[in-house]
Every structure is written in structure tokens, then in C-alpha cells.
Amino acid sequence: MGLSCGATLVKYLLCLLNFFFFFGGMVVLCVGIWLAADQNSFITLMRLTEQEALQQYSQPPVIEQGAYILISAGAFVFIISFLGYCGAIKESRLLLMLYGVFIVLIFTMEIAAGTLAAVYRRETERQLKVYLTQTIKDHYTTMKQADAITLAWNSAMAEFSCCGIDRYTDFNEAPLWVNNKTAGQLVPEACCKLEDKVLMKPADPNCIFAPTPSNSYAEEGCWYKMNAFVEYNFEVLIGIGIGLGLSQLLIIFFAFCLCKAIEEDFIKY
């Protein structure tokens, strides 16, 4: 005996949803494995392009770190969506149960993290600031030796028009930047008012040596700017969080409803 019309509709909705995530996760995973196994071909490909903005991502540290991130994210999405897709298409209660349990665990961790962050807001902010400061100290370097964290910081500073955590002197605690910077350089290029935010090209070439309020954001810390951004967009962020949570609850509901609706004759282990 087959599934009811409602259960069949749920089945195909889960199949369709998880197929896209399954395919996307597989692509991301394959790209990550390619980058980890053959950096040289990617570097060569980037150097053949005429886009200077893309060539900054061809640094070996950036490729290596990016590969690990892509492999981790791709594998995670691939495994979860595989369980959902195969469980629905094969009408397997075992796979659907595993899929539902994984989504429940993810949802629970999100709720727990959000609750703890809200209850211990001050401590959370303090620890986050400490962590961000440590990323500068441990990883931030010049654009020529840039890794993924350096590029992330440069993008953040360019976007928020800021410099360091509190001010430009934060970079004096970053040995990699201090040891590799141009002689006489006081601030990274991303701390300047930029002519090109992608290439980190300062509007005033002298800015990195003599930063002033008119040519740089040297005294404007990113911590304050980021907090202001979060507060200004708080309702939007809350809305996105609620939407994501409701979507996950709906997926959990569909998975367990389909699992319950599958007849014993169709169970496949």
C-alpha cells in the first residue's frame, strides 16, 4: 500500500530540497579537495585571469585555509542532505530518523548558543573581542603574504571604514605584519580611505606612512563599528534567525511525519 497524497507531497518536497543541498555540498566538497590536492593549477588559473582582485586569493596560505573550510562545510552539507534525500526517495525510516535527529541536534545547538549569548551577553562580547584581537596578533600580515584571516580583516575594515579592534596601534602587536610591512608603514592599506575597496588601493598613497583623519580611519576601531552595525540591524538579524529556526522546525516536522507515514512494507535498511 502506497503513501497518502499528503505524505507523497512531503516526500517529494524533502527530495527536492535535499537534492539542491546534496548537489551544492558535493560541488563545494570537490572544489575543496581539488584545492587541497593541487594548489599549483589553481594558482596558475588565477594568474591567467586579468582580474587583480582574484589574484589576491592565489596566495598558498589562502588556498590551503580555504580548502579546509570548503572540505569541512561541503562534507557536512553533503552528509546531512544525503540522508534526507536518500531517506525520502527510498522511503527509509532509518535514514529519515537519522536525518531528523541531525537537524534536531543542529537546531538545539543554535537555540543553546543563542540563549547563552543572550544571558551572558557581556561575557560573550568580552570573549569575542579577545578572540578577534588574538586573530590579529596571530595571523594578520601584509597583503603580499596574506592568508584567509588577513583577507577577511581587510574586507571587514574596508567595509566598515575602520582600523583594528580599537585603533591602528592594534597592529603593532601582530609580529607577521610588523616584520613584513614596508619600512615606515604605520597602518595597513585597508585602514585608509580607499579608492578601490577590492584591491585595497588607498586614495592617498601617503596614508600608510602618515595616517590622518582626512585620509584614513586609523583612530576608528572596528569593534565599535561592528557593534553599531549589529544594533542598527538587530531586528533584521532576529528576523533571519526566526526564519531559519522555523524552516528547520518545518523540515524536522516533515521528516518525522514522513517517517511515521511510511508503511512497514516500504521500510529499507
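Predicted model: local features only at pLDDT ≥ 70, side-chain atom pairs only at ≥ 80, totals over all residues.

Residues are numbered from 1 along each chain as its sequence is written, and side-chain values use heavy atoms, with hydrogens and water left out.

Helices and strands are DSSP runs numbered from the N terminus, a helix (H or I) having at least four residues and a strand (E) at least two. Helix H6, residues 121-139, packs with helix H7, residues 148-160, at an angle of about 125°, and their axes are 10 Å apart. That angle makes H6 oblique to H7, given that angles under 35 degrees count as roughly parallel, over 145 as roughly antiparallel, 65 to 115 as roughly perpendicular and the rest as oblique; the axes are lines fitted to C-alpha atoms, for helices over the stretch in contact, and the angles run from 0 to 180 degrees between N-to-C directions. The crossing of H6 with H7 is left-handed, a term used if the near helix is turned anticlockwise from the far one by less than a right angle, with right-handed used if clockwise. On the H6 side, Leu132, Thr135, Ile136 and His139 meet Ile149, Thr150 and Trp153 of H7, where contact means heavy atoms within 4.5 Å. The residues of this contact divide into 4 nonpolar, 3 polar and no charged, where Ala, Val, Leu, Ile, Met, Phe, Trp, Tyr, Cys and Pro count as nonpolar, Asp, Glu, Lys and Arg as charged, and the others, Gly among them, as polar.

The structure holds 3 disulfides, a disulfide being a pair of cysteine sulfur atoms within 2.5 Å. In one of them the sulfur atoms of Cys162 and Cys222 are 2.0 Å apart. Because Cys162 lies in the loop between H7 and H8 and Cys222 in helix H9 (residues 222-232), this pair ties together parts that are 60 residues apart in sequence. The torsion about the S-S bond of Cys162 and Cys222 is about 90°, so this disulfide is right-handed. Cys163 is joined to Cys191, S to S 2.1 Å, and links the loop between H7 and H8 to the loop between H8 and E1, 28 residues apart. Both Cys163 and Cys191 are buried, that is, under 20% relative accessible area, with exposed meaning over 50% and partly exposed in between (1.4 Å probe, protein chains only). A disulfide also joins Cys192 to Cys207, and with -100° about the S-S bond this link is left-handed. With the bonded cysteines numbered in sequence order, the pairing reads 1-6, 2-3, 4-5.

Which cysteine sulfur is closest to that of Cys30? It is the sulfur of Cys86, which at 16 Å is too far for a bond, and Cys30 itself is partly exposed at 46% relative accessibility. For Cys257 the closest cysteine sulfur is in Cys259, 9.9 Å away and likewise too far for a bond.

Turning to the backbone, Ser161 has a positive phi of about 55° although it is not a glycine; Ser161 sits in the loop between H7 and helix H8 (175-180) and is buried at 19% relative accessibility. Met200, also a residue other than glycine, has a positive phi near 55°, lies in the loop between strand E1 (194-196) and strand E2 (201-202), and is buried at 6%.
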